[in-house]
Amino acid sequence: MRPQREYHIVVLGAGGVGKSCLTAQFVQNVWIESYDPTIEDSYRKQIEVDTRYGRDRAVHRYETPPSARHMVLTIFLSLSRELYMKQGQGFLLVFSITSMSSLNELSELREQIIRIKDDEKVPIVIVGNKSDLEEDRAVPRARAFALSQSWGNAPYYETSARRRANVNEVFIDLCRQIIRKDMQGNSSSGSDNSARKREGAGRYDKKKEKKRRKGPCVIL
């Protein structure tokens, strides 16, 4: 059995934008018809991420190691935002295309995430949900894309939890970001360790040389 890694995803957004519906569709393939305000909940799902992750935007093609391809996701839905922000490794920031105010709330959420994580490059995907309600659209696509660009070209998707449109895609995109960040962190740690080893080896050689110089002097 292949090893698995577990990653924590947090789904955030204003009330009624469809966070629970998106998550239920992704995890359980079910549509929640009636609105049930989320108090606190979490889901777990095992997924396999393909090895060509990030090929749409990445300059370099990465191959994910087997340990990263097979993942267990823990997806948090809660009003206790700060607690889960600390635990989260990736964030879906969800708004409804029928509500401009729900889009405006995302900037404050992102600022809070960056402050708590102390990292401006936290994996984030912007999600405009309820794309099946095009006739009620209040958020122009250009407005959402402008927000995406202002956040350093954060991925933006329009989804429909009702029709299951782009539901898998938003979670998979976020997983790929998390994997890349994890791999880069491991690579950086490996480089630091190698540098420390080389530095230590240099110090060891100097000590040996000093001992050789201080060795006994024999006069014939």
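Why is helix α1 (residues 19–28) largely enclosed by the rest of the structure?

1. **Ground rules.** This is a predicted model, in which local features need pLDDT of at least 70 and side-chain atom pairs count only at pLDDT 80 or more, while totals for chains, interfaces and linings use all residues. Residues are numbered from 1 along each chain as its sequence is written, and side-chain values use heavy atoms, with hydrogens and water left out.

2. **Helix α1.** Nine of the 10 residues of α1 are buried, so the rest of the structure largely encloses this helix. Buried here means under 20% relative accessible area, exposed means over 50%, and partly exposed is in between (1.4 Å probe, protein chains only). The buried set consists of K19, S20, C21, L22, T23, A24, Q25, F26 and V27.

3. **Overall layout.** The protein has six helices and six strands. Both are DSSP runs numbered from the N terminus: helices are H or I with at least four residues, strands are E with at least two. Along the sequence the pattern reads β-α-β-α-β-α-β-α-β-α-β-α. Of the 220 residues, 41% are buried.

4. **Contacts and surface.** Taking contacts as heavy atoms within 4.5 Å, residues 24 or more positions apart account for 78% of those with a separation of 6 or more.

5. **Strand β4.** Please look at residues 90–96, where seven of the seven residues of β4 are buried. G90, L92, V94 and S96 point one way from the strand, while F91, L93 and F95 point the other way. Two strands pair if DSSP finds at least two bridges between them. On that basis β4 pairs in the parallel sense with β1 over five bridges, and L12 stands opposite L93. With β5, β4 also runs parallel, joined by six bridges, and I124 in β5 is the bridge partner of F91. The β-α-β crossover from β4 through α4 to β5 is right-handed: with the strands pointing away from the viewer, the path from the first strand over the helix to the second runs clockwise.

6. How many salt bridges does the rule give? The count is seven, a salt bridge being a side-chain nitrogen of Lys or Arg within 4 Å of a carboxyl oxygen of Asp or Glu. R44 pairs with E6, and their closest N and O atoms are 2.6 Å apart. R44 lies in strand β2 (residues 40–48) and E6 in strand β1 (residues 5–13), so the pair ties together parts 38 residues apart in sequence. R44 is exposed at 53% relative accessible area, whereas E6 is partly exposed at 39%.

7. **Salt bridges: D119 and K181.** These two side chains meet at 2.8 Å, N to O. The pair links distant parts of the chain, 62 residues apart: D119 is in the loop between α4 (100–117) and β5 (124–129), and K181 is in helix α6 (residues 167–213). Both ends are partly exposed, D119 with a relative accessible area of 21% and K181 with 31%.

8. R137 and E158 meet at 2.7 Å, N to O. R137 sits in the loop between β5 and α5 (141–150) and E158 in strand β6 (residues 156–158), so this pair ties together parts 21 residues apart in sequence. E158 counts as buried at 12% relative accessibility. A network of salt bridges links E134, R137, R141 and E158.

9. **Cysteines.** With a disulfide taken as a pair of cysteine sulfur atoms within 2.5 Å, a search of the whole structure finds zero. C21 is buried at 15% relative accessibility, and C175 is buried at 0%.

10. **R5 and V72.** R5 is in strand β1 and is partly exposed, with a relative accessible area of 25%. R5 and V72 are 67 residues apart in sequence, with their C-alpha atoms 6.1 Å apart in space.
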